[in-house]
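This report describes a protein with a ligand, beginning with the surroundings of the ligand and moving on to the helices. Please examine the sequence and the structure first.

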Amino acid sequence: MKTRVTAGDETKHVGSTSWRAALVDRQNEQWLRLREHGEQRRQHLSERATGVLADAIQWLAELPEHSIHAVVTDPPYGIVEYETKNHVKLRAGRGGVWRIPPSFDGAKRQPLPRFTVLSQEEISALYNFFGALAYGLNRALVPGGHVFLASNPLLSTMTFHAFQRAGFEKRGELIRLVQTLRGGDRPKGAEREFSEVSMMARSCWEPWGIFRKPFKGTAADNLRTWGTGGLRRISDDEPFKDVITCSPTRGVERQIAPHPSLKPQRFLRQVVRAALPLGIGIVYDPFAGSHSTLAAADRLGYLSIGTERDAKYFALGCKAFARLRALDARS
Ligand SMILES: C[S@@+](CC[C@H](N)C(=O)[O-])C[C@H]1O[C@@H](n2cnc3c(N)ncnc32)[C@H](O)[C@@H]1O
C-alpha cells in the first residue's frame, strides 16, 4: 500500500507504511515526555522546539535511555573559554583566553578564544569533559543515532578520541570551509623584523566530527526500528557530502543573536537536515547558545531540544529563536 507521511519539511511517497507510521507515533509520544523532562526552567519556543536552562552533563544524566535520535552541537571547544573567570573577562572586553584579532581594514573584529595557551591540565580536563558528554549522549541516543560535533584543528584529536573511547563509531569528518582570522599573524612585538613569518597557518576550515552510536543487525532494520543509522540525502541524485563551504556568520544574524560563537543558519540547516535520515526523530543540542540549531531544526520541520547553562545566553536564545528561524539562509 502507498501512503503519504510527513517527514521533516517534505512530504514523501513511501512504499511500506506501517513501520513509518509507528516511528512517527513513537516520536510524538517521546517528544511530549522529553520536552517536560527535568525540573529546570524551560521555554517552549514553538510546537517543535524547547530550550532548557541546564547544565548538559547533569540534564543528560537523568535522561531515560533512547530519548533522542541525533545531536548537532557546537560545544565550548576548549571548555575554559566558557568558564566563569574567562567569560567575565570577555563580557568586560579585556583579557583571559579571548582576544580581538588584529584589524587590517579598520573593521571591528569579533573576539576569538586563544586555544594555543591551554595548559596540560586544561587539556586533560577537556578530555574528561568530552568523555562525560560522550557517555551521556551514547546512553540517551537511540541505536544508529548520529552526532555532529564542531571542533577546532588544535583540539579535535582530543575531543574526537573521547567520543571513540565512549563507544561511538567515528563515521568521518565534515569540513566547513570558512576563512576565520585565526592564525597567520607575524611574531608578536617583532612584526617588522620578521615580516615574512607567520607563527601558524591561517585557519581556513573547521572540522566537525561525525559519530554514530553502534547498532546490531542491518542498516535497513535499524532504519525501520529507530529511524536512524544513515544520513539524509540532499536529493535522490545527491548524497550528503563531507565538505560545505560557508562564510562566517553574517552581520544580520549577529544582530539578531549577539553570541560570540554564533553558527550560521545556512550551514546549520544543511547539517541538521542530514542528521535525521528519514526526517523522523528528535535533535538535541547540548550547548544551545543562541538556540541557532533549534531554529534550523524548526525551519526544517524537525523536533528539537537544547540545553544552555548560561542564563544570559538562554534569554538571548529565547529572544532570537523566531527571527533566526525566519531568516532566508540560502545566501
Ligand atoms: C560554542 S557555544 C555554542 C553557540 C551556538 N552554536 C550558537 O550558534 O549560538 C557553547 C555554549 O555552551 C554553553 N555551555 C558551556 N558549558 C555548558 C554546559 N556544561 N552545559 C550547557 N551549556 C554549556 C556556553 O554558555 C555557550 O553558550
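The shell around the ligand comprises 8 nonpolar, 6 polar and 6 charged residues. In this classification Ala, Val, Leu, Ile, Met, Phe, Trp, Tyr, Cys and Pro are nonpolar, Asp, Glu, Lys and Arg are charged, and the others, Gly among them, are polar. The model is predicted: local features need pLDDT of at least 70, and side-chain atom pairs count only at pLDDT 80 or more, whereas totals for chains, interfaces and linings use all residues. Residues are numbered from 1 along each chain as its sequence is written.

Of the 20 residues around the ligand, those that come nearest are Asp74, Ser261, Phe287, Gly289 and Ser290. Here a residue is near a molecule if its C-beta atom, placed from the backbone, lies within 6 Å of it. Helix 2 (56–61) and strand 13 (303–308) are the elements that give two or more residues to this shell.

The protein contains 10 helices and 13 strands. These are DSSP runs numbered from the N terminus, with at least four residues for helices (H or I) and at least two for strands (E). Buried residues amount to 40% of the 331 residues; a residue is buried if 20 or more other C-beta atoms, placed from the backbone, lie within 10 Å of its own. Helix 8 (residues 265–275) is largely enclosed by the rest of the structure, because 9 of its 11 residues are buried. Among them are Phe267, Leu268, Val271 and Val272, as well as Arg269 and Arg273.

In helix 4, Ile123, Leu126, Tyr127, Phe130, Gly131 and Ala134 meet Met158, Thr159, Ala162, Phe163 and Arg165 of helix 5. This contact of helix 4 with helix 5 has 8 nonpolar, 2 polar and 1 charged residues. Two residues are in contact if their C-beta atoms, placed from the backbone, lie within 7 Å.

Technical notes. Buried ≥ 20, exposed ≤ 12 C-beta atoms within 10 Å, placed from the backbone.
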